[in-house]
Every structure is written in C-alpha cells, then in structure tokens.
Amino acid sequence: MESELERLRKKVENFPSASAYNRLAELVRLGGDNPGAEQVCRRCIKEFPRNGQAYVILAEIELANGRKDEAIKNLLTAVERDNRSYAAHRMLADHYIEIARPPQALQHLRQILTFKINDPAVLKKIEQITGKPPTASVIRQVTGGSNAVVPGRPAEPTPLANKIIPAADGLAGLCAEAGVRGALIADEKGRVVSSKRLSPEQEDILAALAGEIAKAAEQSLTAVGQERLSMWTIVAEQGQVLSFKREQSFSVVILAEPGVRPAMLEIRARQALIDLGTG
C-alpha cells in the first residue's frame, strides 16, 4: 500500500484530480491517519469544490470520532455541491430515519432514484419507511417530476437535473469537428450536465474552471456596466479551452487542439445547448 500512497501523493501534486484525492484520502484513513485523511479531503474540496465524495469521507471520519453535527453538515454540503452523491444521500437518509424524521429520509432516497433508477437497496429502504413498495407510477413521478428539495436548503431551479440525456445526442456534432478532443455542458455552479470524450478528471477540471471564470466575469462585467460573458478562450502551447453560453445557466466547454478556430465550434456549441433543451 505504501507504494500506492506515494504514487497518489505525487499524482495530486503534479496532476491533481478529485478521484486521486479521494483515493489518497481513503488509503491514508485506512492506514489509521485520520487527521492526514481530513487534510487530504480539505485540499480536494479547495481544488474541486463540487466533488461530493470528499465531504462524504470527512463525514465518515467525523462520525467515527463522535462529531455527528459536523458530519451531518458536511453531508448536507455534499448533496448541495453534488446532488448525485449516492453515499451522501444514503447516509442522510439513515440519519433522518434514526431521529424519526421519515419525510426527510424519503426526500433523499427519492433523489437517488432520479439518477439511479430502481436501485434495489433504495427501493427496499423506501418500503421499510412507508410499509409498502414504491409503485411504478411513483418511481416514474420521482425520476421525471419536479426538482428535489434538500432538507434545510432552498430549492434550486435545475432544468436538466431529472432529465437523463445521452451525451452523444447533444455533443456528437461538436466532437466530430476537426481538432476537438472532447466537450461537456456545465451549469453555473461547475456541475457536469453532459459530457463526451473526456475523462472524469478532465470533466472535474473543465467544469470547475468554467464555473469560476463565469463567476469572476459576472462580477467584473457588472461592476463596469457591461453585459454578461458569452464566450472565453484559454490558449496554451499544447491545446486550448473554449467556452460558449447560450443563456446564463449553462455553458459548453471544449478541449481542443491549439490551432482550432472558434467560429464553427461556436455554432456547434450553441446548437448542442438547443438540442439539450437548455434554451
């Protein structure tokens, strides 16, 4: 395990990714170093704020150390940042069952069904709470109905949250363009809605980058009385990142070769947003 620890330590220093941080935190914790694992999680959160698993690992450590209030706070943050965090929703559901608050437990269990339909463990847990198995109509309502509400948090409008869209449908034309390595659609908080030809690590970095640039640009442009940012490009020797918006909430982020010109990519990007129903 020591060689794997060293490999991961070098990886998060030189080529950081949320998955590498999470794996490192798990191994450090497995070795009995809970403070070290917490430190790794907090570094991950700082660099990849939408990564829910780091909050889950923190919560597990806190629960083991009797810091339950801190653990629940981190689990609520996990589902706020990443509403597809299966572990966080399950742990919160168990917590609300334990303190006899079944409606809140059901909210988290039903939210899981919006991205993991017919999960046997979740369906069984719902049956234990309600006394009867969820019917097919209830499951359809959950997976295609209104936005989920996280207990203690305000509801957020997320038009695509409950709509499973194959990445190929909206991004295939864009990724077929010469010089395009991959692309994704992200919301304003840096969460991936759809992706094609990108690794999970690339998704994390590009979506977070888009969210941070959009936030900084909005503040700067508002200060000088200008309209919102509709596109930006970062060019480096070995490639470039381009981002296009059709509306305020969603961006297409493209990883491309250095010499690719943005004109045709902009047309494809805006069409991908239209195809995905974001505007």
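Biologist: Hi! How many helices and strands are there in the protein?

Modeller: Hello! This predicted model has twelve helices and five strands.

Biologist: And what share of the residues counts as buried?

Modeller: Of the 279 residues, 43% count as buried. The protein exposes about 14400 Å², with carbon and sulfur atoms supplying 53% of that area.

Biologist: Let's pick a helix. What should the 13 residues of helix H2 span?

Modeller: Helix H2 runs over residues 18-30, and at 1.5 Å a residue it should span 18 Å. Its end C-alpha atoms are 18 Å apart, so the two values agree.

Biologist: Nice! Which residues in H2 are buried?

Modeller: The buried ones are Ala 18, Ala 20, Tyr 21, Asn 22, Leu 24, Ala 25, Leu 27 and Val 28. As a bit of background, an α-helix has 3.6 residues a turn, so residues three or four places apart point the same way.

Biologist: What comes up just after H2?

Modeller: Look at Gly 32 there: its phi is positive, at about 90°.

Biologist: Now helix H7, please. How far does H7 reach from its first C-alpha to its last?

Modeller: H7 covers residues 102-113, and its twelve residues reach 17 Å, close to the 16 Å expected.

Biologist: Which residues of H7 are buried?

Modeller: In H7, the buried residues are Gln 104, Ala 105, Leu 106, His 108, Leu 109, Gln 111, Ile 112 and Leu 113.

Biologist: Is Cys 41 buried or exposed? And Cys 44, buried or exposed?

Modeller: Cys 41 counts as buried because its relative accessibility is 1%. Cys 44 counts as buried too, at 0%. The cut-off for buried is under 20%.

Biologist: Last one: where is Ser 251 found?

Modeller: Ser 251 is in strand S5, which covers residues 250-256. With 6% relative accessibility, Ser 251 counts as buried.

Biologist: What does the side chain of Ser 251 join up with in a polar contact?

Modeller: The side chain of Lys 245, at 3.3 Å. Leaving aside neighbours within four places in sequence, Ser 251 is in contact with several residues, including Leu 184, Ile 185 and Phe 244.

Note on methods:
Residues are numbered from 1 along each chain as its sequence is written. This is a predicted model: local features need pLDDT of at least 70, side-chain atom pairs count only at pLDDT 80 or more; totals for chains, interfaces and linings use all residues. Side-chain values use heavy atoms; hydrogens and water are left out. Helices (H or I, at least four residues) and strands (E, at least two) are DSSP runs, numbered from the N terminus. The expected span of a helix is 1.5 Å times one less than its number of residues. Buried means under 20% relative accessible area, exposed over 50%, partly exposed in between (1.4 Å probe, protein chains only). A polar contact is a pair of N or O atoms within 3.5 Å; within protein, one must be able to donate a hydrogen and the other to accept it, and residues adjacent in sequence count only if both atoms are side-chain atoms. Contact means heavy atoms within 4.5 Å. Accessible areas come from the Shrake-Rupley method with a 1.4 Å probe; for residues, only the protein chains shown count as cover.
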